Amino acid sequence: MPVHEFKVEMTCGGCASAVERVLGKLGDKVEKVNINLDDRTVSVTSNLSSDELLEQLRKTGKTTTYVGVKE
C-alpha cells in the first residue's frame, strides 16, 4: 500500500488534530496517518489517489501540497 506524503501548513497541535479529524472521516480507506508537526509533513498510507487525499486534507483550511510517494 503506498504512503503519500504531504506538506501541510500546521503550526500547533490543534492543526494536527484537524488533519487527523478530516482523514478520520475516510474511515477504513486510510490505513495509517503519521503527522510530523516539526517538519509540517503528513504521511498517509492509503490506496486512495493523491488527489482524493489532497482534497480531503484541504478541508482543514490549511495550505497543503503533495510531496510524493515515499518508498
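1. A disulfide is taken here as a pair of cysteine sulfur atoms within 2.5 Å. The sulfur of Cys 12 has its closest cysteine sulfur in Cys 15, at 3.5 Å, too far for a bond. By this rule there are 0 disulfides.

2. The model is predicted: local features need pLDDT of at least 70, side-chain atom pairs count only at pLDDT 80 or more, and totals for chains, interfaces and linings use all residues. Residues are numbered from 1 along each chain as its sequence is written, and side-chain values use heavy atoms, with hydrogens and water left out.

3. Cys 15 is buried at a relative accessible area of 6%, whereas Cys 12 is partly exposed at 35%. Buried means under 20% relative accessible area, exposed over 50%, and partly exposed in between (1.4 Å probe, protein chains only).

4. Four strands form an open sheet in the order S2-S3-S1-S4, with antiparallel pairing. Strands S2 (30-36) and S4 (64-70) are at the edges with a single partner strand each, so one side of each has no neighbour in the sheet. Strands are DSSP runs of E, at least two residues, and helices runs of H or I, at least four, numbered from the N terminus; two strands pair if DSSP finds at least two bridges between them.

5. S1 (residues 3-8) and S3 (residues 41-46) are joined by 5 antiparallel bridges. His 4 stands opposite Val 44 in S3.

6. Helix H1 (residues 13-24) packs on the sheet and touches S1, S2 and S3, contact meaning heavy atoms within 4.5 Å.

Technical notes:
Axes fitted to C-alpha atoms, helices over the stretch in contact; angles between N-to-C directions.
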